[in-house]
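Please read the following walk through the model with the coordinates open.

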Amino acid sequence: MGVKSEVIHRLFSKPVTTKYPAVKADLQEGLRGKVEWHKKSCIWCRMCEINCPANAIKIDKENRVWSIDSGKCIFCGRCEEVCPTKPKSVTLSKKVETGTTDRESLKDVYHGENDQDAK
Ligand code: SF4
Ligand code: SF4
């Protein structure tokens, strides 16, 4: 396609960009966003912590504390992959708007407080 026909084509076709953040992006299937932990099904096996290549997950099994530093997370999905429970107790959500100037706010600390705790 020559330059002239390319220009004409672009003039009459829809833009390929979106007006983000005013218009939210269409998130694709399989997108790996912020890691979420689901305490109801967690069996505290520590597989997610052991297999995380970025050391982003820390588990204090004794005191039932599950924590993640999203500032370290590289969104590889390994934690979800190795989690043995059904449904998975750690999943990658579609939350991608995590920008901040405060690194500390990227740390999430969760406390287990369900029947699993008695195990
Ligand atoms: S997605 Fe990867 S880097 Fe992030 S917490 Fe899970 S295993 Fe670690
Ligand atoms: S989230 Fe999954 S892999 Fe991590 S401790 Fe719980 S059950 Fe084990």
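Strands β2 and β3, the latter covering residues 65-69, are paired antiparallel through four bridges. The model is a predicted one. Two of the facing residues in this pairing can be picked out directly: K58 has S67 of β3 as its bridge partner, and I59 stands opposite W66 in β3. The two strands form a hairpin with four residues between them. In that hairpin R64 adopts a positive phi, near 55 degrees.

On its other pairing, β3 runs antiparallel to β5, and five bridges join the two. Here I68 is the residue that stands opposite D108 in β5. Taken together, the three strands make an open sheet in the order β2-β3-β5, with antiparallel pairing. Its edges are β2, residues 57-60, and β5, residues 107-111, each of which pairs on one side only. Direction ignored, neighbouring strands in this sheet are turned against each other by 15 degrees on average.

The two faces of β3 can be told apart by their cover. In a regular strand, side chains alternate between the two faces of the sheet. For β3, W66 and I68 make up the covered face, while V65, S67 and D69 make up the uncovered one.

Strand β5 includes H111. Is this residue buried or exposed? H111 is exposed, because 12 other C-beta atoms lie within 10 Å, and a residue with 12 or fewer is counted as exposed. Apart from neighbours within four places in sequence, H111 is in contact with R64 and V65. R64 is the hairpin residue with the positive phi, and V65 belongs to the uncovered face of β3. K4, by contrast, is 107 residues from H111 in sequence, and the C-alpha atoms of the two are 62 Å apart in space.

The ligands remain. Around ligand 1 there are 14 residues, of which C52, C73, C76, R78 and C79 come nearest. By class, this shell has twelve nonpolar residues, one polar and one charged. Ligand 2 has 13 residues around it, and the nearest are C42, C45, C48, C83 and S89. Its shell divides into ten nonpolar, two polar and one charged.

Notes. Residues are numbered from 1 along each chain as its sequence is written. Chains are lettered from A and ligands numbered from 1 in the order in which they are written. This is a predicted model: local features need pLDDT of at least 70, side-chain atom pairs count only at pLDDT 80 or more; totals for chains, interfaces and linings use all residues. A residue is near a molecule or strand if its C-beta atom, placed from the backbone, lies within 6 Å of it. Ala, Val, Leu, Ile, Met, Phe, Trp, Tyr, Cys and Pro count as nonpolar, Asp, Glu, Lys and Arg as charged, and the others, Gly among them, as polar. Two strands pair if DSSP finds at least two bridges between them. Axes are lines fitted to C-alpha atoms, for helices over the stretch in contact, and angles run from 0 to 180 degrees between N-to-C directions. A residue is buried if 20 or more other C-beta atoms lie within 10 Å of its own, exposed if 12 or fewer, and partly exposed in between; C-beta atoms are placed from the backbone. Two residues are in contact if their C-beta atoms, placed from the backbone, lie within 7 Å.
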